[in-house]
Amino acid sequence: MVTLTPARSRAALFALALGGFGIGTTEFATMGLLPEIADDLAVSIPTAGHAITAYALGVVAGAPTLAALGARLDRRRLLLLLMVAFTVGNVLSAFAPTQGWLVLARFLAGLPHGAFFGVGAVMGTAVVGPEKRGRAVAAMMAGLTVACAVGVPLTAIIGQAVGWRWAFVGVGGLGLVTLAALHAWTPSLPSPAGTTVRTELAALRNRRLWIAFGAGAVGFGGMFAVYSYVKPLLTEVTGLDISLVPLVLALYGIGMTIGTLLGGRLADRSVLGTVIGGMVATIVVLVAIALVGASPVPAVLALVLLGVTSQVLGLSLQTRLMDVSPAAPSLGAALCHSALNLGNAAGAFAGGLVIAGGFGYLAPAWVGAGLTALGLGVVLAFGRGPAPTLSAPAGAEDRARDLTPQLSTR
């Protein structure tokens, strides 16, 4: 077994965090660019929002599929292939000539999202050791929250200044930088012996996994029902100048960072309790947005709180999904992002429907509160049982040791 130097371990974690930053930026960038995209492609804002739904559906489809198909690949090689796909998808988005082509490009860009985080969690844990597993997961999640605080406002500024297409060109360039970092700093990491597509998918045969998945997909959709249309909400309802939107997006990202820190502490005490508390808090904040969205200061404060509560909910849901999939941690972590992005697709679609129906940009907050309440109902009715322990079907122990494999510096 080869032990990495502390400096090399930190560099590998930075490369993973850089990937998280790029993926987080592209996931949320479209939401801050919807008016520019709609104007350029001559479609309505709700129609432009289909690009958000398409990306989310790409994550939903790609996370379990690519994680399973890549089960036998070296983890480093798989991460590099996923980042290549991410880069290509974003460059295609930048040059999409029509709304239809943009939807297709966003779907392709979303395919590697969940698998990258799932495999990256395994790589990060192997780099720092199982006793520091939280540090590895936190590194990539930090990339996501920094993306919301820095990357998304920056793409909004670029979109306003020189056009939305250049924002996606920039994300594609970030993908190339991440490729170089992953190639230089992450070690070779063979997949566990005996791992196949069949053995990975066999880990999905438990009821609690799919209950947690469904609750997360529905419950997390509440946040996306509002955030998908945050720019027109702030400019047309709250009355903020468009130049202030990047600042509000940055504040939202800061709220997510606070939620990351708070959610980790709360989940250490009770994962399921934090899921329930996160859903309740998110419902309260969404109702508040619906009630005070027309007043600048209360509306901005409510959006920042939505960043806090949504991240508490997201982290606890990820932990729950990993807990109920002990035999396949990389697939379990990938499925978390499928669930959250299914919520992304459902929230963006439902929010777009009520806007297109003439109910205005505050209506999605009521829809979002309903979605999260539905997710809470699923948890309370069906999802409160203990997580399963690791059984011993063929290959299960090898897959569990995904967290402590041999490393090579080649």
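User: Let's start with helix packing. Are α1 and α6 roughly parallel or antiparallel to each other?

Analyst: One caveat before we start: this is a predicted model. Helix α1 (residues 6–41) and helix α6 (residues 113–128) pack at about 165°, so α1 and α6 are roughly antiparallel. Their axes are 10 Å apart, and the crossing is left-handed.

User: Which residues of α1 and α6 make the contact?

Analyst: From α1 you have Ser9, Ala12, Leu13, Leu16, Gly19, Gly20, Ile23 and Glu27. On the α6 side, the contact is made by His113, Phe116, Phe117, Gly120, Met123, Gly124, Val127 and Val128.

User: OK, zooming out. How many helices and strands are there in the protein?

Analyst: The protein has 18 helices and zero strands. Of its 410 residues, 60% count as buried. As for contacts with a separation of 6 or more, 86% of them come from residues 24 or more positions apart.

User: Now the rings. How many aromatic pairs does the structure hold, and how do I read one?

Analyst: You describe a pair of aromatic rings by the distance of the centres and the angle of the planes. This structure holds eight aromatic pairs. Take Phe220 and Phe224: their centres are 5.7 Å apart with 65° between the planes, and the pair is edge-to-face. Phe220 and Phe224 are both buried.

User: And why is the pair of Tyr227 and Tyr252 stacked?

Analyst: Planes under 30 degrees apart count as stacked. The planes of Tyr227 and Tyr252 are at 25°, with the ring centres 4.4 Å apart, so this pair is stacked. The pair also links distant parts of the chain: Tyr227 sits in helix α11 (residues 221–227), Tyr252 in helix α13 (residues 245–269), and they are 25 residues apart.

User: Is Tyr227 buried or exposed?

Analyst: Relative accessibility is what you check here, and under 20% means buried. Tyr227 is at 2%, so it counts as buried. Tyr252 is buried too, with a relative accessible area of 2%. One aromatic cluster is formed by Phe28, Phe220, Phe224, Tyr227 and Tyr252.

User: What about backbone angles? Which residue has a positive phi although it is not a glycine?

Analyst: The general idea is that most residues other than glycine have a negative phi. Ala42 has a positive one, about 60°. Ala42 lies in the loop between α1 and α2 (45–48). With a relative accessible area of 69%, Ala42 is exposed.

User: Back to side chains. What does the side chain of Ser316 reach?

Analyst: The side chain of Ser316 reaches the backbone oxygen of Leu313, at 2.9 Å. Ser316 is found in helix α15 (residues 296–323). Its relative accessible area is 0%, so Ser316 is buried. If you leave aside neighbours within four places in sequence, Ser316 is in contact with Val271, Thr274 and Val275.

User: Last one: how do I compare sequence distance with spatial distance, say for Ile158 and Leu33?

Analyst: Ile158 and Leu33 are 125 residues apart in sequence and 9.5 Å apart in space, C-alpha to C-alpha. Ile158 lies in helix α7 (residues 133–162), and with a relative accessible area of 27% Ile158 is partly exposed. Again setting aside neighbours within four places in sequence, Ile158 is in contact with Gly163, Trp166 and Ala167.

Definitions and conventions:
Residues numbered from 1 in each chain as written. Predicted model: local features only at pLDDT ≥ 70, side-chain atom pairs only at ≥ 80, totals over all residues. Heavy atoms only, no water. Phe/Tyr/Trp six-rings, centres within 6.5 Å; stacked < 30°, edge-to-face > 60°. Buried < 20%, exposed > 50% of the residue type's maximum accessible area, 1.4 Å probe, protein only. Helix = DSSP H or I, 4+ residues; strand = E, 2+ residues; numbered from the N terminus. Polar contact = N/O pair within 3.5 Å; in protein donor to acceptor, adjacent residues only side chain to side chain. Contact = heavy atoms within 4.5 Å. Axes fitted to C-alpha atoms, helices over the stretch in contact; angles between N-to-C directions. Parallel < 35°, antiparallel > 145°, perpendicular 65-115°, else oblique. Left-handed = near helix turned anticlockwise from the far one by under 90°.
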